[in-house]
Amino acid sequence: MSTSRSRPKKTDRIIYRRPLSLVDRPTHFCPGCGHGTAHKLIAEVLDTLKIREKTIGVAPVGCAVMAYYYLNCDISEAAHGRTPAVATGIKRCLPDRIVFSYQGDGDLAAIGMAETIHAANRGENITVVFVNNSVYGMTGGQMAPTTLNGQKTATSPCGRDSRSMGTPIRICELLNTLDSPWHIERVALDGPAGIRKARKALLTAFKGQMEGKGYSLIEILSPCPIHMRLTPRDAVRFIKEGMIPAFPLGVFRKEGKPVT
Amino acid sequence: MKARTYTVRIDRNRCKGCELCISVCPRQVLELSGEINPRGYHFTRAANPSSCIGCANCSDMCPDTAIELREEMNRHA
């Protein structure tokens, strides 16, 4: 039995314990992968808002496809990139449920770009959790739309060349040109402070959905040590020094209005 | 007199030895164990638990949610 479930003494105060919305099961993710952290933050938010029983998640294709193994709420699985479309359907049929989609950058920014933009443009009352790790993780580290200029991947072995492969797509900035989204924010899992900010951002997004405010997207810059070809520590440093300059952090849209 | 002590519990079966917790600990409480868990990873252990200040950096950083942190009040310490 796991030690994390043992009962505390009366004088103890629990500073941190595993959230109840997370299934008691070790994850399949690689050591240092940011998906585990993102799952944990979502579970903490579901616990804080006490909405686990009425939350429905939609899992993508990619490394996070097994979210249904780890998050202890109802989860549907969508075809590659079609997560916002499935989430739209669920939310429209069951408007009293909290619906979120959990997507990686290959899923959201490549094959699912059309669904993403149109769901945002319709202002669907859903929350999109976008985990951006700058590569396709599950299929072996190929170049994604969010791969940085010069970053080496399996399909850009000499580094991404912007002349033939384009430049990284900034989803938050792109969606911020639309009129309908309610909240758009970019956070990074680059350290404990970044993780606390990410938790706060997710809390804002889920709370907004509960109040029927509309579409929210939280982009989480996340490490993928294996495909960034770095140790977990260096992958976190890479987020700080490589990804944040290319994907500036901050709130892009607040209360339905662009933040200038 | 009250004194606070902090307990870091690490689920050794869940830990994958990524060392992110070790890198963010301001008091060098944690270190990587030489032992290996059933899944084949070296796991983190609390080497200097008495130095812990309960900042929760490690438990926030852990991608595998293997760390539990408690504060204990010792009334006669």
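User: What is the strand order of the open sheet of eight strands in chain A?

Analyst: In this predicted model, chain A holds an open sheet of eight strands with mixed pairing. Its edges are strand 3 (74–77) and strand 11 (257–258), each of which pairs on one side only. Read across the sheet, the order is 3-2-4-5-9-8-10-11.

User: Which residue of strand 3 of chain A is the bridge partner of A59(A)?

Analyst: Strand 2 of chain A covers residues 55–59 and pairs with strand 3 of chain A in the parallel sense, over four bridges. The bridge partner of A59(A) in strand 3 of chain A is E77(A).

User: What angle does helix 3 of chain A make with strand 4 of chain A?

Analyst: Helix 3 (residues 83–93) of chain A packs on the sheet. It touches strand 2, strand 3, strand 4 (98–104) and strand 5 (127–132) of chain A. Its direction and that of strand 4 of chain A make an angle of about 175°.

User: At what angle does helix 8 of chain A run to strand 8 of chain A?

Analyst: Helix 8 (residues 192–210) of chain A lies across strand 4, strand 5, strand 8 (183–188) and strand 9 (216–221) of chain A. Relative to strand 8 of chain A, helix 8 of chain A runs at about 160°.

User: How do the residues of the contact of helix 3 with helix 5 of chain A divide?

Analyst: The axes of helix 3 and helix 5 (residues 113–122) of chain A come within 7 Å and cross at roughly 40°. P84(A), A85(A) and T88(A) in helix 3 meet E115(A), T116(A) and A119(A) in helix 5. By class, the residues of this contact are three nonpolar, two polar and one charged.

User: Which element of chain B gives the most to the side that touches chain A?

Analyst: In the contact between the chains, 28 residues of chain B meet 30 residues of chain A. Helix 1 (20–24), helix 2 (57–61) and strand 4 (67–74) of chain B each give two or more residues. That side of chain B has 10 nonpolar, seven polar and 11 charged residues. The element that gives the most, with seven residues, is strand 4 of chain B.

User: Which residue of strand 4 of chain B stands opposite I14(A)?

Analyst: Strand 1 (residues 12–16) of chain A pairs with strand 4 of chain B in the antiparallel sense, over four bridges. Opposite I14(A) stands R70(B).

User: Which residue takes a positive phi in the hairpin of strand 2 and strand 3 of chain B?

Analyst: Strand 2 (residues 30–36) and strand 3 (residues 42–46) of chain B pair in the antiparallel sense over four bridges, with L32(B) opposite T44(B). Five residues lie between the strands of this hairpin. The residue with a positive phi, near 90°, is G40(B).

Key: Residues numbered from 1 in each chain as written. Chains lettered and ligands numbered in written order. Predicted model: local features only at pLDDT ≥ 70, side-chain atom pairs only at ≥ 80, totals over all residues. Pairing = 2+ DSSP bridges. Contact = placed C-beta atoms within 7 Å. Axes fitted to C-alpha atoms, helices over the stretch in contact; angles between N-to-C directions. Nonpolar A, V, L, I, M, F, W, Y, C, P; charged D, E, K, R; others polar.
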